[in-house]
Amino acid sequence: MTRFGQEALSLAVILIFLMPLVWMLLAAFKPQQEVFIGGFWPSAWQWHNLADAWNSAPFGRYLLNSLLISLTTTAAVLLSSALAAYAFARMRFPLKAFLFAVALGTLMIPGDVLLIPNFITVRQFGWLNSYPALIVPFAASAFGVFLLRQAFRQTPVELEEAARLDGATPAQYLWRILLPINAPVLSALGILTFLSSWNALVWPLVVTSRDDFRTVQVGLASFSSLEGSNLPLVMAATLIVIAPVMIAYALAQKWFIESAAASGLKG
Amino acid sequence: MPGALLELLRAAPYLLPALLIFVVFTYYPLARVLYLSLTDADMLSAPNWVGLANYRQLLADREFWSSLGITAVFAVGVTALEVGLGLALAFLMNARTRTQSLLRGAVFAPVVVSLAATAVIWNYLLNPNSGPVNRLLEGLGIAGPGWLSDPQTALASVILVAVWKGVGLPAVLFLAGLQGLPAELEEAAAIDGASRATIARRITIPLLAPTTVVVVFISLIGTFQSYGLVLLLTSGGPAGATNLLGYSIYQNAFVFFQMGLASALSVVLFALLLTLGIIQLKLAERRVHYQ
């Protein structure tokens, strides 16, 4: 393909992938009657749509819930994965191969197969409509254990020996040296975990029925079915919901993409 | 064995948090869903043992077989498109164009957009009467189809949305694969006078085989889990045209409260995914390495 052909094709592809988001953005600021019949641009930009959407459902609360849940889940996954990965990478203990297989085996059992029994478990714990229901089942990740174990194994053993000589305990070595050295892998795992928690839909839908514990995704889904006829408002709500992640993505695109490329190791 | 026991005790605080979660929220529920599939659980009363009755009911149910067929078409369709387009996009993203960074950002952007937002946006774009997509087609002189509202095109429409949302990941994985290939082979072939198309077909794509195996299975397994789109876009309709297995589990469990039957469906889904997983492991063991 010629240089020119490549440039033209790139532009076309960019347009195809971004167009849906552009249409959403424009519809969010159109007067209601223009959504289906008006021109490409809004005849007059209805900036108040954003405020109207914000005020017609507790989006502030939804955002706060999602933020709290995603941050806690991410921290928990990083911690539990780092601890287990350290044991698997650097400690000697009986049943090690078996326990590692137990951890990795969870990759073969997708969450959707477990939707019903986990719902029943969480209900028995009295966790319906609570934060633990949205955090605890996701607080560990076999992928995380696997990824960090690889990284820890590649960190030179001499570092640990030197730290030991200086009197550091294993926990101190892990916290003060091993984790900071492996910050890039940790941040990749962190981004992937945060994204999947922030974007989760079915589980939060099933275990919450009250606004106080709903996430933005469930909030958006129910807002769109309630206010479906007022499309600019629904699109404005969509904009509110995806804005935080999209802004982070625009600022750190390369970081997101490299984290996703790391997930290829999963296979 | 006091030494071994001591070692285990020393490792326990490190292992327990993760392993406890795995046992309580993965292995125990796996056993429990197997048990529930043999009962008439309905969330209201205590479950009664019914043996294989739920499985017999499924085997005799035309909706179940049609759901399996729809799931297969969806899985194969999405995977084929994601792998094919993903590879093509990776080549384009790897080329030195002026818009390289924007291109990478645009192709990957829908991966970052949530499933719920994707469904809400496409529900508007694909509106059969005068949604933006059909108005664009109208402008080109094409009568747009009914998309999600027509049983003939609903499944294809959901596949289209799923590919828009998902293809960025295969593209990025292929791109990483391309960037990891040694340049010498391609340079040598170019010196020998091979055309760029020949180099891609005879050298680059075969070298990417290990990446391709990974991408195929990540896509395939992902499709079984993307019924959230169906949940919001079509609720399995119209006329059951988009009734994916995953959606069918959700609907039987949380709309009809037939937990026993939905558990049997979950076990079927698990068996399917486990088979795929085993095939992947076998392929990975034998996988071709040219380097």
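## Lining of the second largest pocket

In this predicted model, the lining of the second largest pocket is made up of 14 nonpolar, five polar and five charged residues. Here Ala, Val, Leu, Ile, Met, Phe, Trp, Tyr, Cys and Pro count as nonpolar, Asp, Glu, Lys and Arg as charged, and the others, Gly among them, as polar. A pocket is an open set of points on a 1 Å grid over the protein atoms alone, where a 1.4 Å probe fits, with protein on both sides within 12 Å along at least five of seven lines; lining residues have an atom within 4 Å of a point.

The lining has 24 residues, and F91(B), N94(B), A95(B), E186(B) and R196(B) lie nearest the centre of the pocket. α10(B) contributes the most, five residues (helices are DSSP runs of H or I, at least four residues, numbered from the N terminus).

## Contact between the chains

Chain A has 90 residues in contact (heavy atoms within 4.5 Å) with 90 residues of chain B. One salt bridge is counted between the two chains, that is, a side-chain nitrogen of Lys or Arg within 4 Å of a carboxyl oxygen of Asp or Glu. R92(A) forms a salt bridge with E7(B), with the closest N and O atoms 3.2 Å apart. On the side of chain A that touches chain B, α1(A) gives the most, with 16 residues.

## Conventions

Residues are numbered from 1 along each chain as its sequence is written, and chains are lettered from A and ligands numbered from 1 in the order in which they are written. Local features need pLDDT of at least 70, side-chain atom pairs count only at pLDDT 80 or more, totals for chains, interfaces and linings use all residues, and side-chain values use heavy atoms, with hydrogens and water left out.

Notes:
Helices (H or I, at least four residues) and strands (E, at least two) are DSSP runs, numbered from the N terminus.
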